[in-house]
Amino acid sequence: MESPEACSSGEASPVSPTAGAAAAERPSEAAALQALVDRVRAGEVDAAREVRRLTRASARHRRKLAAAVDPLVAMLRSAAPEAGEAALLALLNLAVRDERNKTKIVDAGALEPLLGYLQSSDLNLQEYATAALLTLSASSTNKPIISASGAIPLLVKVLKEGNPQAKNDAVMALYNLSTIADNLQAILSVQPIPPLIELLKGGKRSSKTADKCCALLESLLAFDQCRVALTSEEGGVLAIVEVLEEGSLQGREHAVGALLTMCESNRSKYRDLILNEGAIPGLLELTVHGTPNSRMKAHVLLDLLRNSPYSRSKLQADTLENLVTNIASQIDGEDRGGKAKKMLAEMVKVSMEQSLRHLQRRASFA
């Protein structure tokens, strides 16, 4: 069974139009496209496959074949799996990077059959439906409609039970829907934290999936229910710290934001937990090499980790606590880069000396 052409983000790469494509449409081409739409309307599966082929990398054909949306949605409801799959993949390609088609597909009633495919025992169909929802949820117009359709619990179920690609697309779709604040509680209510952490642990820390996992966690961690779930999950905080250390610039920004949200919510409860997972070296590096937002968040979090009413009697005068105490006063000096690198080297040395137990625990998650 073939895979959809859309990439994991739900969008295809742009293709430069040819000179012929830029020219006025020939009458024969218009007639051919209309005939193709008529064939789709008649229920021809091969016609749906042809729509899929033509819209694979052509923005022009996505526009010209928009009239196929309604008959494709009708075909999507077919009891024949072959017809449903062909219609699903054609609609997916029609929606990629075409805002008008995204809304047209939803308005045509595609969500109901798509949610049915999300629950399919055929993991390929489930994957394609998840990719379609990812693409459709990129539209601000569609987000509240998809949210009200009951898609969120089904996407979390895919996150738990789907194949690897479906899981990646599900977390990205959930992130799209999480930008509506009212959806955060709906997402939390179906217990997404264990599969999110599992996805983080099992993939590359610098992947787009890790970026979206941490972005979603950063939003969800504003709620105590999420913080409790994360700290109850073995290796949960550690998974975020590893993205802080090894992730993309965007992923690291979300990871430090997630840790900062936790610490700001209850410093006395989460400070030692964050320290014990070895966050300090990554935070120090971020103050030098991160995005502007990352650097700001890292400074604030370091300040929270430093300023604590609790003493750490086991630390010597030249160890972790005093090194972190000096960050705020020294990092903004003229030779900020050089000082930061020197302190980072010292911090790594101290952290290695003090964190044997942490390293052994980390090795158990490898």
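Q: What makes V40, A48, V51, A87, A90, L91 and L94 count as residues that L72 touches?
A: Contact requires heavy atoms within 4.5 Å, and L72 touches each of these residues, with residues up to four places away in sequence not counted. The model is predicted: local features need pLDDT of at least 70, side-chain atom pairs count only at pLDDT 80 or more, and totals for chains, interfaces and linings use all residues. Residues are numbered from 1 along each chain as its sequence is written, and side-chain values use heavy atoms, without hydrogens and water.

Q: Which residues have the most contacts inside the largest nonpolar core?
A: This core has 100 residues, and L72, L114, L155, L196, L200, L220 and L283 have the most contacts inside it. Helix α6 (residues 81-95) gives the most to this core, with ten residues.

Q: At what angle do α5 and α6 pack?
A: Helix α5 (residues 69-76) and α6 pack at about 145°, with their axes 8 Å apart. The contact involves V69, L72, V73, M75 and L76 of α5, and A83, G84, A87, L88, A90, L91 and L94 of α6.

Q: How many residues of each class are in the contact of α5 with α6?
A: The contact has eleven nonpolar, one polar and no charged residues. Gly counts as polar, and G84 of α6 is among the contact residues.

Q: Why is T209 called buried?
A: Buried means under 20% relative accessible area, exposed over 50%, and partly exposed in between (1.4 Å probe, protein chains only). T209 has 11% relative accessibility and therefore counts as buried. T209 lies in helix α15 (residues 208-220) and touches N168, V171, M172 and L199, not counting residues up to four places away in sequence.

Key
Core = buried A, V, L, I, M, F, W, Y, C linked by side-chain atoms within 4.5 Å. Helix = DSSP H or I, 4+ residues; strand = E, 2+ residues; numbered from the N terminus. Axes fitted to C-alpha atoms, helices over the stretch in contact; angles between N-to-C directions.
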